[in-house]
Amino acid sequence: MILYNSLTHKREEFYTNEPGKVKVYTCGPTVYHFAHIGNLRSYIMEDVLVRYLSYAGYDVLRVMNITDVGHLSSDADTGEDKMLKGAKREHKTVMEIADFYTKAFFEDADKLNIKRPDVVQPATGCIAEFIDMIDALLEKGYAYQAGGNVYFDTSKLDKYYVFGEHDAEDLEVGVREGVEADENKRNKTDFVLWFTKSKFEDQELKWESPWGYGYPGWHIECSAISLKYCGEYLDIHCGGIDNQFPHHTNEIAQSESYLGHKWCNFWFHVLHLNTASGKMSKSSGKFLTISVLEEQGIDPLAYRFFCLNSHYRKNLIYSDEAVENAAKAYKKLRVRCSALKDEGEVDEEALLSLKKKFAEALDNDLNTSLAVTAVYDVLKAGCSDATKRAAIADLDSVLCLDLLTPYEEKDQQTEQEGGDPEILAKIAERAAAKKAKDYAKADAIRAELAAAGITLIDTPQGTTYRRD
Ligand code: AMP
Ligand code: ZN
């Protein structure tokens, strides 16, 4: 398989540290809000990568963190902890926010057929590991204490900008929102490993450490969690392109200084989903979620289909029209695939050549749009329906578009007729909120019902519900 490696800026023949085994680490969500469909684009493309590696015969271990502490509003270690911001916004505790949005993230991931990683580790569950790693970095002379905090000393590295495309200007850009730069830093590019003194006296979660009562920086969590579960040699590290700098740059600085050798071979970065007016971001407060798409009658798997139709190394522009068109094409494709009868003999030779085309597409730096084309090629092929069905089942084990499931099936297990009047009243209240463009209220009603085990299903004919 050829895979583009952001570290070398080259398409490389994929290799692993151990034969037949792939260890993959993924930066998980910062759980202070719903994941937006941009975040989910990254996770969809990573999902296809991981599923394809398994399909190709690798034994895959995938680890993901959940960022529930230490990710500040600005990447330059300034601003408020995003989790605290979320907690204040909703008048809840940080842990309540973390639990709620972690659950919401996996509910969205389930709707998108994104496979749950083998290990999911919230950062707050690994404080002892972070402390050990920071301790070792201090011991080795890669870190220093100043103004009560512990910093990584980037001047100790042979090369800091490992991805090559950034310079100190980027950090200036990182200092946003009118917050002043940290004067304790010896070098502009140094970053915080452990905060004890900062101006955020109201930081909710703090732990004892050799350097005082405090909390970890964001970057250390991914280095330490990856080391804990994947060991000293990582094969692939994934994330959205915005994580390349400073987050992944700092992860490499910490991990390799700690280990004394190269850490990860391949860096897989997914480019952004943008709207015509720019990047989609959680901090702006205005973003699209899977629930909003569902409210517009878009099946989450149609969004997966939309993402698969473009390459992960290209920016993808969202527009209502583009996604609606993708939804129409998706429905058509699924209707055609699921109508295939299990008739005739399976022609093993034809099956093999259909699979080959598909594998060639994904072997070519995960060309998912060509892989989708391979499904259309199956439909057009001159072989029996049973062969086509078998080929689509095989391809769909990677694409995961539920192509053999009849389209309507998912939406039928509802209880609307003779439904619970209280739930129906909530549904009406939510519809009114949506009409008034009060999406926060609409989301809150959906979440309230979800907490009671009731899933809302938006269809072009209106909203129905089902008990889980
Ligand atoms: P966060 O929850 O902000 O920590 O981000 C979760 C993941 O989404 C990270 O891998 C980010 O790099 C990625 N990401 C953030 N914004 C976008 C976007 N607009 N398009 C694609 N991926 C994104
Ligand atoms: Zn990370």
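**Legends to close-up views of the predicted model**

**View 1. Domain division of the protein chain.** In this predicted model, the protein chain is divided into domain 1 (14-141 + 218-274), domain 2 (296-399) and domain 3 (421-467). A distance of 32 Å separates the C-alpha centres of domain 1 and domain 3.

**View 2. The largest nonpolar core.** This core comprises 90 residues. Leu-3, Ile-37, Leu-49, Ile-236, Phe-268, Tyr-303 and Leu-366 have the most contacts inside it. Helix 1 (residues 37-55) supplies the largest share of the core, namely 10 residues. Domain 1 (14-141 + 218-274) and domain 2 (296-399) each contribute at least three residues to this core. Apart from it lies another core, of 46 residues, which includes Ile-127, Phe-152, Trp-211 and Leu-259.

**View 3. Surroundings of Phe-268.** Neighbours within four places in sequence are left aside here. Among the residues in contact with Phe-268 are Leu-3, Met-45, Leu-49, Ile-236, Tyr-312 and Leu-366. Ser-6, Glu-46, His-237, Cys-238 and Gly-239 are also in contact with Phe-268.

View 4. Strand 14 (residues 273-275) pairs with strand 15 in the antiparallel sense over 2 bridges. Within this sheet, Thr-275 stands opposite Gly-278 of strand 15.

**View 5. Ala-450 in helix 15.** Ala-450 belongs to helix 15 (residues 439-451). Its relative accessible area is 25%, so Ala-450 is partly exposed. Asn-113 lies 337 residues from Ala-450 along the chain, and the C-alpha atoms of the two are separated by 19 Å.

Conventions: Residues are numbered from 1 along each chain as its sequence is written. Chains are lettered from A and ligands numbered from 1 in the order in which they are written. This is a predicted model: local features need pLDDT of at least 70, side-chain atom pairs count only at pLDDT 80 or more; totals for chains, interfaces and linings use all residues. Side-chain values use heavy atoms; hydrogens and water are left out. Helices (H or I, at least four residues) and strands (E, at least two) are DSSP runs, numbered from the N terminus. Buried means under 20% relative accessible area, exposed over 50%, partly exposed in between (1.4 Å probe, protein chains only). Two strands pair if DSSP finds at least two bridges between them. Domain bounds come from an automatic or database domain assignment. A nonpolar core is a set of buried Ala, Val, Leu, Ile, Met, Phe, Trp, Tyr and Cys residues joined through side-chain atoms within 4.5 Å. Contact means heavy atoms within 4.5 Å.
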